[in-house]
Structure formats: structure tokens, C-alpha cells
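Here is a short tour of a multi-chain model. Have the sequence and the 3D view open as you read.

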Amino acid sequence: MKFDFMYFLESLPQLLKYVYITLGVSVVSMIISFVISIVLVLIDRNRTKVLYPLSRLYISFFRGTPLLVQLFVLYFGLPQIFPEMAVMTSLQAALIGLSLNNAAYLSEILRGSLNGVESNQMDACLSVGMTKLQAMRKVIFPQAIRVAVPSLGNNFIGLIKESSLTFVLGLAEILAHAKMLAAESYLYMESYLAVAVIYWGLTVIIGWLQRRLEYRLEVPYL
Amino acid sequence: MISVQNLHKSYKDNEVLKGISLTVEKGQVVAIIGPSGSGKSTFLRCLNVLEQADKGQITIDDVAVDIANLTNKKTELLRHKTAMVFQNYSLFKNKTVKENITMPLVTVQKKSQREADSIAENLLAQVGLSDKENFYPNSLSGGQQQRVGIARAVALNPYAILFDEPTSALDPELVGEVLQVIQSLALSNMTMIVVTHEMSFARQVADHVVFMAEGYIVEQGTPEEIFNNPKQERTKKFLQQLSVEKQLVVKELVI
Amino acid sequence: MKLKNIWSMLLVIVVVGVLTACSSKDSSKERGSVKADEKVLNVGTAAGRSPFIYQKDNKVIGYDADIIEAAAKKAGYKVKWTTAEFEGLFGSLDSGRIDTIANQLSVTTEREEKYSFTVPYLYSGSVFAVKVDNENIKSVDDLKDKVVGVGLGTAAEKELKDINKNNDFTIKTFSEDPTAELKEVSLGRVDAYYNDQVQVKTTIEKAKLDDVKIGFGPTSWGNIAFPFTTDSKKVEDISKALEELTNDGTLKEISEKWLGIDATKKQ
């Protein structure tokens with residue numbers, strides 16, 4: 001079997017056109033899930049009544065079931081019970097599904113990092129009269145983030161690749177286009193390798209940004 | 001005036017404070033001494049409400065609180081009356097030396113950044129750390145960190161400053177510089193409660209010495225009374241033990 | 001501080017990403033440019049089966065595409081395409097997001113219980129593909145103790161299970177991708193591969209799988225048609241249009257154009 005190198009090269013720019021979908025969906029989901037995970041982790045730390053067991057259930061469900069199943073239930077299952085949900089577009093469903101799923105993982109990452117912040121830091125904040133929320137925002141969270149960044153980077157890279165699952169909802173992201181390209185040309189290896197190179201490039205860039213961020217956050221501790 | 005009446009605190013079945021009552025006049029320097037586990041630190045933390053006592057009354061300046069019906073609002077008011085200096089310094093690790101001092105002023109006391117900056121610069125000059133204002137805590141020695149900790153507490157302009165074994169974590173050669181700062185504060189008429197193991201310091205600086213053991217105040221009085229004429233057996237035993245330990249340390253050093 | 005720059009940079013990426021995502025969605029709506037009085041037929045496909053249905057330059061084309069476009073036009077509908085993973089197509093159909101699926105779907109008894117099919121637009125005969133030098137597999141009996149590959153969840157899989165009632169041979173299922181599965185034959189991981197004859201023939205040609213050939217078949221015929229939900233009113237219109245197109249020879253023309261044979265009849 002021959003490898004059509006020209007086709008491989010030609011498919012790169014064709015696929016690159018759709019990087020913005022993969023990247024856009026991943027970044028937006030990352031941000032939404034980050035916000036949700038902060039709420040989850042605050043509930044966890046305060047052991048808020050009623051909400052605490054619910055948040056544990058949430059995390060358990062979204063970590064314990066396949067993302068594909070969650071996307072199916074969200075996009076196809078729920079509209080059969082609540083017909084008004086059928087107005088949801090595949091982009092919206094993808095963003096909601098990925099965000100809800102990823103928040104469960106992020107909240108566990110954040111929980112671990114927050115536990116790693118020395119307890120005297122909270123004491124110091126309270127002793128100067130700060131509220132718990134001010135303490136979290138100004139002192140505890142920034143310190144936890146430093147510990148969390150490597151895991152967050154890992155999580156984001158995972159999210160980028162998982163976003164390809166949203167093709168079942170009809171969101172044609174970059175891997176979907178590679179599949180269709182392959183189906184059209186019968187050049188599977190070429191198309192898939194092209195998309196692999198693009199994914200790899202993305203993660204290299206993200207890894208670079210992550211290390212820069214890590215360096216910045218490390219400054220107070222050098 | 002600081003007035004504490006019948007303060008109790010337990011952790012599960014372990015009663016740490018068994019009814020502490022104490023009065024501290026404005027401008028007074030009170031040293032609390034006693035064996036470890038006697039409840040000294042817990043007492044200070046209860047005054048700052050880092051720990052909530054189980055029952056008792058606390059009055060600091062114009063804020064009077066009965067622990068039985070402590071509200072969030074009251075907690076806040078009481079906390080604002082005191083500032084704390086910790087054994088392990090507890091500086092904000094993600095903030096520079098200067099930010100450690102200005103951040104509470106801006107976020108809690110709503111001072112302008114400029115005003116906070118000038119307060120910080122002033123105090124850092126007083127504790128001899130002007131050249132370190134943009135350093136992070138991790139790059140300072142323990143003695144320097146503790147001096148920043150004291151400056152942070154003073155900046156808040158509290159009614160009283162609570163010192164929780166401020167020199168216990170320091171290398172011996174760094175103890176002096178910190179004690180010097182505390183001593184100069186005492187001279188400026190700041191109300192202070194100092195939990196300490198430095199007996200010579202307590203003797204020199206304190207107006208009033210409190211000896212605590214097993215959750216009680218066993219004896220209190222002037223440094224003269226406590227160190228030279230202790231009345232209670234428990235106090236005598238503690239002071240004797242200390243001098244024996246000191247001799248042992250000296251012996252070890254000689255050998 | 002530099003850190004703030006990174007965050008603001010990220011924020012810009014997000015905003016741009018969302019905006020372009022939204023605007024591209026708008027443009028896809030425009031592409032379908034639906035006038036208020038025009039009837040729309042939402043058709044879903046995985047667009048992964050050349051020459052039947054696939055994408056080129058962002059347009060869905062192929063035999064199935066031409067058929068449904070022609071039938072829709074005849075019945076007065078405008079086709080609006082949705083591409084999604086095969087596994088998601090039936091979910092989209094059930095939840096009413098699409099009206100029908102154009103993806104070489106065989107009519108099976110199970111599917112007939114749940115959906116209303118149009119009249120068939122293609123008769124598919126499935127064949128067994130084997131290695132080019134394999135002269136030993138010429139009939140179902142020769143498959144004894146062999147391994148046969150087939151696409152998971154396809155009608156061919158069901159047929160193959162019927163053929164293998166006595167468990168004479170082992171069935172290995174794959175996620176539907178004919179090229180990869182035929183490669184399993186050339187790599188010797190399976191002894192034979194069972195799929196539609198046109199599919200197998202085209203794949204061997206296009207993917208240049210020189211060491212694979214059709215062993216024997218077709219042994220049975222399947223009907224390929226468009227499924228609609230049972231409460232859909234559009235199935236009648238499309239069925240009627242398909243019949244008219246069969247009669248006036250349009251279907252035959254389309255078949256010959258894409259497949260090289262007239263697959264609208266059993267042969």
C-alpha cells in the first residue's frame with residue numbers, strides 16, 4: 001500500500017479551516033465548566049446543606065458514565081420527554097454536554113489543589129478581617145491555581161480531543177471533517193494522519209502556553 | 001479594655017479552656033506563659049474568633065459579645081478589634097511583602113491604594129525592611145517574615161495585637177531582631193497579649209504575666225510576682241523545669 | 001502584569017471563537033435559504049460512504065444524495081442536510097431533528113416496526129470479499145471454521161447472523177468503515193468480509209486494495225429505502241415521487257451515473 005504524501009499535505013489546509021470549531025467549543029466549554037466547578041468546589045468546602053450531596057451525585061454521575069451517553073441523553077433523550085428542548089442546536093448541546101461533563105473533573109482537580117493550600121493562609125486572611133469569600137478570591141484560590149495548572153492543562157488537552165465526540169450530535173468539528181475527507185477519497189491513513197498532526201500541533205501550543213503560565217505563577221515561590 | 005469572662009472551649013471530649021477570665025487594660029502588655037497544651041494559643045485564637053469558643057463573654061474596647069449568641073456581624077466586629085501575629089508567620093505567600101500589608105487595608109478597610117502604600121512603606125521602614133518591599137515571603141528569612149507579619153498587624157491599627165509564640169519557629173540567632181520590634185511596639189503604648197516561651201522577654205517587656213496550665217489560669221501578677229515569688233506549686237514546678245532544661249541545653253552546648 | 005495578558009488573550013480567543021461559530025451557523029442557514037412558503041425536508045447522513053453518500057467541498061453528494069434531492073424536488077420540498085456520526089442519526093430521527101436518513105439504510109423487520117419506509121430506491125446484494133489468491137471460499141459451506149468480518153449494527157450483520165444460524169463460522173464486527181474492514185481481509189485478520197456488492201467493488205477500486213476480491217455472492221438481496229417516523233406525513237410524498245422517478249427512468253440514470261450499474265433492479 002502506498003502513502004499518498006501529496007494528499008496528506010493537501011488535506012492539512014482543508015482541515016485547518018475547521019480548527020476554530022474544535023478550539024472554540026473546547027475553550028468555551030473549558031470556561032463554562034471552570035465556573036461550574038468553582039461553584040461545586042465551594043459547595044464542597046462549605047458542606048452546604050442539601051447542595052453538598054447533590055454536588056457529589058453530580059460529580060459521580062458525570063465522571064462515572066461515558067460522555068457519549070451523556071451527549072445522547074442530552075440531545076436526543078431529553079427532547080423526547082420535554083419537546084420544547086428540541087430547539088437546542090447541536091452546538092448548544094455540545095457546549096452544554098462538554099461543560100457539564102468537564103466540570104465534574106475540574107472540580108475534583110480544584111478540590112485537591114485547594115486542600116494543598118496550607119490552612120494558616122485562611123487563618124491569616126480571617127485574622128486581618130477578610131471574609132471567607134475575599135480570602136478565597138485573593139489568597140487561597142491564586143495559590144491553589146498554581147498547583148492546579150498542570151492538571152488543568154492536561155484536562156484541557158483531553159477536552160480538545162473529547163470534543164470530537166460531538167459529531168454524533170452533528171457538530172462537524174475537525175475529526176468529523178477528516179472522516180468525511182477519508183470517505184470521499186478512500187485515503188484513510190492520509191486523512192487521519194493529517195488530523196493527528198493538527199491535534200498534536202494544538203497540544204504543543206497549549207503545552208507551551210501552560211509552561212509560560214506555570215512560570216508566571218511560580219515567581220513568588222522561586 | 002479587654003475583658004474575658006468564663007471562656008470555655010472543647011474539641012470533642014477534650015476541654016481545652018475550662019473557664020478563662022482575664023482583664024487587660026488599654027496600653028498594657030500581657031505575657032501568657034505555660035507548658036504546651038495548656039490552651040494558651042487556643043485562648044488567643046478565641047479572642048480573634050479564628051476558633052469559636054463554646055461559651056463565655058468577650059469584650060474588646062466597645063464591642064461586647066456573648067459567645068452563646070454570636071452572629072456573623074458580631075464576629076466581624078470583634079475580629080476587627082484585634083490583629084494576630086502567628087508562630088509560623090502566615091504571610092500571604094502569593095503576595096509581595098508590601099502587598100501583604102496593603103491588601104487587607106484596601107479590601108477590608110477600604111483605604112485607597114495610595115494611602116495603603118504609604119502606610120506600608122512607613123511600617124516597613126520601621127521594621128528595617130524597606131529594601132524588601134517587592135520580595136515574596138519565600139525569599140525572606142524567618143526573622144524578616146515575622147517582622148513583616150508584625151507590620152501587617154500594626155498596619156490594621158487594631159485595638160490590640162495578639163502574638164501567638166512569635167519567636168518559637170525562629171532560629172535562635174533571629175529571635176533578637178523580632179523581639180526588638182515587639183519591644184519597641186510595647187514602648188509605643190500598643191495593647192498586646194503575647195503567648196511566649198521567652199521568659200526573659202516576658203520579664204522585661206510585660207506589665208502583667210499570666211501562667212496557664214491545663215486550661216486554667218493558675219496564677220497571674222506582675223513579672224516580679226510570677227518569676228520571683230510564685231505562689232502556686234504548679235507555677236513553681238513549671239519555672240523550675242524550665243531552668244533545669246536551660247541548664248541541660250547549656251551542658252549539651254558545652255560538651 | 002503579564003499574567004493578565006495571557007488571560008485577556010484567552011478571552012479574545014473565546015469571543016472570536018464564539019462569534020465565528022455563531023456566524024458560521026448563520027451562514028449555513030443562509031445556504032439552505034428557506035423561503036417561508038417552501039416545504040423543507042431535513043435529511044441526515046454520516047456522509048461516509050462514497051460513492052453512495054459523502055462530502056466534497058462541504059457539499060453532500062453521491063447516489064443517495066441525488067436520489068433524495070430529485071424525489072424532494074418532485075414532491076415540492078427543499079432538502080436541508082445535517083451531517084452527523086452514524087450512531088447519532090437515529091437519535092436525530094427519533095427526536096424530530098431530521099425527517100429521514102440518506103445513508104444506504106436497509107429495510108429490516110426491526111427497523112420496519114419502528115419507522116415507515118419509502119419504496120426502495122436500491123436493491124443491494126451483499127457479497128463475501130476474500131484475499132485475491134484465496135480459491136477455497138466459493139460458497140457459504142466453505143466458510144466453516146473461518147472468521148468473517150461485518151459492520152456493527154448494519155443490515156449486513158443481521159443477514160450474516162441469519163446465514164450463520166448453526167454457528168459454522170465466527171463473526172467479527174467492526175465500527176462501520178468499509179476500507180478499514182477490507183484491509184482486515186488483506187492483512188489476513190479475517191478470512192472474509194461481508195458487505196454490499198457495490199460498496200465492496202468501489203472500495204476495492206478506490207482504495208486500491210489490489211489483494212482483495214469478491215469471493216462469491218450476492219446470496220441475498222436487501223431493500224434500501226428512506227426511513228421516516230411513523231407519524232411523519234412526508235413519507236407518502238417522497239414514496240410517490242420515487243415511484244414516478246422510477247417510471248420515468250430518472251432513478252436508473254442516477255444509478256448508472258454513480259454506480260456504473262442499474263442498482264434500482266435486482267440483478
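## Chain C at a glance

The accessible surface of chain C is about 13,000 Å², and carbon and sulfur atoms account for 50% of it (Shrake-Rupley method, 1.4 Å probe). This is a predicted model, where local features need pLDDT of at least 70, side-chain atom pairs count only at pLDDT 80 or more, and totals for chains, interfaces and linings use all residues. Residues are numbered from 1 along each chain as its sequence is written, chains are lettered from A and ligands numbered from 1 in the order written, and side-chain values use heavy atoms, leaving out hydrogens and water.

Of the 267 residues in chain C, 49% are buried (under 20% relative accessible area, 1.4 Å probe, protein chains only). Chain C holds nine helices and 14 strands (DSSP runs: H or I of at least four residues, E of at least two).

## The largest nonpolar core

The largest nonpolar core has 137 residues, and B:Leu7, B:Phe43, B:Ile150, B:Phe163 and B:Met192 have the most contacts inside it. Such a core joins buried Ala, Val, Leu, Ile, Met, Phe, Trp, Tyr and Cys residues through side-chain atoms within 4.5 Å. Its largest share, 14 residues, comes from helix H7 (residues 132–162) of chain A. Domain 1 (1–18 + 172–222) and domain 2 (27–169) of chain A both give residues to this core, so it lies between them; the domain bounds come from an automatic or database assignment.

## A bent helix

H7(A) bends by about 55° at A:Ala148, with a proline, A:Pro150, following within four residues (the angle between axes fitted to the seven residues ending there and the seven starting there).

Terms used. Buried means under 20% relative accessible area, exposed over 50%, partly exposed in between (1.4 Å probe, protein chains only).
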